[in-house]
Amino acid sequence: MAYHSFLLEPISCHAWNKDRTQIALCPNNHEVHIYRKDGAKWSKIHELKEHNGQVTGIDWAPESNRLVTCGTDRNAYVWTLKGNVWKPTLVILRINRAARCVKWSPKENKFAVGSGSRLISICYFEQENDWWVCKHIKKPIRSTVLSLDWHPNNVLLAAGSCDFKCRIFSAYIKEVEERPSPTPWGNKMPFGELMFESSSSCGWVHSICFSASGSRVAWVSHDSTLCLADAGRKMGVATLCTETLPLLAVTFITENSLVAAGHDCCPMLFTYEESQGALTFGGKLDVPKQSSQRGLTARERFQNLDKKASSDTANATLDTLHKNSISQISVLVGGKDKCSQFCTTGMDGGMSIWDVKSLESALKDLKIK
Amino acid sequence: RTGEALRAFHTAIRSNPGNTRNQAMKEQAQGTMLKVLTSFKSSEIEQAVNSLDRNGVDLLMKYIYKGFEKPTENSSAILLQWHEKALAVGGLGSIVRVLTARKTV
């Protein structure tokens with residue numbers, strides 16, 4: 001597991017380029033910094049300064065090599081690399097609250113922005129006027145949209161929101177694409193159509209993810225639950241109440257396995273059993289090597305009893321790689337159906353790359369289906 | 001004697017009024033639950049907690065915190081022991097769900 005500490009401040013958001021040699025991240029301020037891998041080191045090669053507020057979302061389109069960023073200044077910029085300089089293009093989102101998350105669609109001809117204005121802006125490029133136009137999806141969202149993920153068909157969009165619900169909308173833009181064929185989520189998909197809405201869990205939906213095939217969507221919410229809706233089982237929802245602190249990020253690594261991480265600073269594996277429609281906890285993925293247990297002297301034992309009223313020998317420091325909450329997970333290699341490497345960034349300013357094969361051999365009880 | 005306390009415990013858990021706005025009903029359920037919880041001996045608590053399923057542990061945790069809100073003579077001591085055992089089974093997630101729950105007990 002490779003861990004690199006970029007900053008002492010939280011990494012607000014990150015995105016990787018296509019060949020995973022460069023990472024764009026926001027160091028908890030108004031800028032975006034791009035780092036390039038130089039052997040074992042990371043060197044900063046670009047600083048993108050255009051936003052007037054904290055950058056809350058970054059996405060890097062792999063094929064067209066464009067960046068889209070959104071921030072609390074209610075703006076989004078599309079960045080194109082011209083020579084050795086990234087040039088921004090302002091996109092008018094027509095929102096009156098902060099933008100919170102942004103995602104390119106799979107075909108990279110549009111992107112979606114979730115915001116505190118309780119709506120989603122779907123932006124696409126209008127060729128005649130040479131600028132980015134946006135359409136809004138408003139109903140029935142009642143609160144901030146925290147997370148977004150696109151279905152592989154480039155039309156359906158899953159949104160997790162602070163009104164405790166996960167929803168799937170159609171973001172079909174007739175100006176840029178053909179009419180989509182029917183999916184397990186529904187047949188008619190006019191723009192803004194609500195295809196699925198979860199019943200209330202009791203927490204803000206922090207992160208949401210479609211499976212590689214698009215027939216499953218999973219989300220994590222602030223009441224320490226992980227849920228999965230399966231279109232193949234008539235949109236039945238499986239819920240798992242976890243024993244951990246709330247999770248903040250989730251992704252599929254195979255069609256049946258998920259990795260999620262959050263305030264416990266440690267990625268965890270979850271497995272979906274299709275036949276029973278149930279989610280189970282598969283284990284923590286960050287098991288530190290057992291440091292040698294040196295015995296406590298009698299003096300230390302009494303000190304412990306006096307200070308903490310416990311004779312527990314457990315260490316007060318975190319044993320995990322990340323020393324603070326993990327806020328984002330991204331798949332590096334293999335896609336969401338055969339992920340072999342994924343990356344986590346967190347509020348400790350560190351970035352960690354996890355190798356699935358090494359995890360499988362190191363943690364013998366791990367079963368990734 | 002042990003068997004009776006355990007049976008009373010399960011009955012109290014099962015007869016949780018659920019989604020009701022009737023404050024009197026809720027208070028009655030809370031009072032009953034508190035009586036059952038305080039009637040347990042320390043050594044019996046672990047067995048009772050282990051006999052619950054995930055939803056039961058979440059519900060128990062809600063009742064424990066409700067009991068903390070209105071402390072009586074000796075209730076807090078026994079409730080803290082219940083809390084320790086319930087935490088061992090439900091983890092921090094069960095406490096998070098007490099804090100985020102929209103439907104209180």
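Trainee: Which residues of chain A does UniProt list for "repeat: WD"?
Mentor: UniProt, in an unreviewed entry, lists residues 48-82 of chain A. UniProt positions are given here in the numbering used for this model, feature names are shortened, and annotations may be inferred rather than shown by experiment. Over residues 48-82 of chain A the chain is 0% helix and 60% strand. The end C-alpha atoms of that stretch are 13 Å apart. Helices (H or I, at least four residues) and strands (E, at least two) are DSSP runs, numbered from the N terminus.

Trainee: What should I know about the model itself?
Mentor: This is a predicted model: local features need pLDDT of at least 70, side-chain atom pairs count only at pLDDT 80 or more, and totals for chains, interfaces and linings use all residues. Residues are numbered from 1 along each chain as its sequence is written, chains are lettered from A and ligands numbered from 1 in the order in which they are written, and side-chain values use heavy atoms, with hydrogens and water left out.

Trainee: In what order do the strands β2, β3, β4 and β5 of chain A lie in their sheet?
Mentor: Strands of a sheet pair through backbone hydrogen bonds, either parallel or antiparallel. Here the order is β2-β3-β4-β5 in chain A, an open sheet with antiparallel pairing. Two strands pair if DSSP finds at least two bridges between them. The edge strands are β2 (13-16) and β5 (41-49) of chain A, and each pairs on one side only. Neighbouring strands are turned by 25 degrees against each other on average, direction ignored. Axes are lines fitted to C-alpha atoms, for helices over the stretch in contact, and angles run from 0 to 180 degrees between N-to-C directions.

Trainee: How many bridges join β3 to β4 of chain A?
Mentor: Four bridges join β3 (residues 22-26) to β4 (residues 31-38) of chain A. Take Leu25(A): its bridge partner in β4(A) is His33(A).

Trainee: How many residues lie between β8(A) and β9(A) in their hairpin?
Mentor: Two residues lie between them, and Gly83(A) in the turn has a positive phi of about 70 degrees. Strands β8 (residues 76-82) and β9 (residues 85-91) of chain A pair in the antiparallel sense over seven bridges. Thr80(A) has Lys87(A) as its bridge partner in β9(A).

Trainee: Where is Pro140(A)?
Mentor: Pro140(A) is in the loop between β13 (131-137) and β14 (145-150) of chain A. The peptide bond from Lys139(A) to Pro140(A) is cis, with omega near -5 degrees. Check another loop, between β10 (99-104) and β11 (110-115) of chain A, where Glu108(A) lies. Phi of Glu108(A) is near 60 degrees, a positive value in a residue other than glycine.

Trainee: At what angle do α3 and α5 of chain B pack?
Mentor: Two packed helices are described by the angle between their axes and the distance between the axes. Helix α3 (residues 42-50) and helix α5 (residues 75-100) of chain B pack at about 35 degrees, with their axes 9 Å apart. Residues in the contact (heavy atoms within 4.5 Å) include Ile45(B) and Val49(B) of α3(B), and Trp82(B) and Val89(B) of α5(B).

Trainee: Into which domains is chain A divided?
Mentor: Chain A has domain 1 (10-197) and domain 2 (234-287 + 317-368). Domain bounds come from an automatic or database domain assignment. Their contact takes 14 residues from domain 1 of chain A and 16 residues from domain 2 of chain A. The domain centres, taken over C-alpha atoms, are 23 Å apart.
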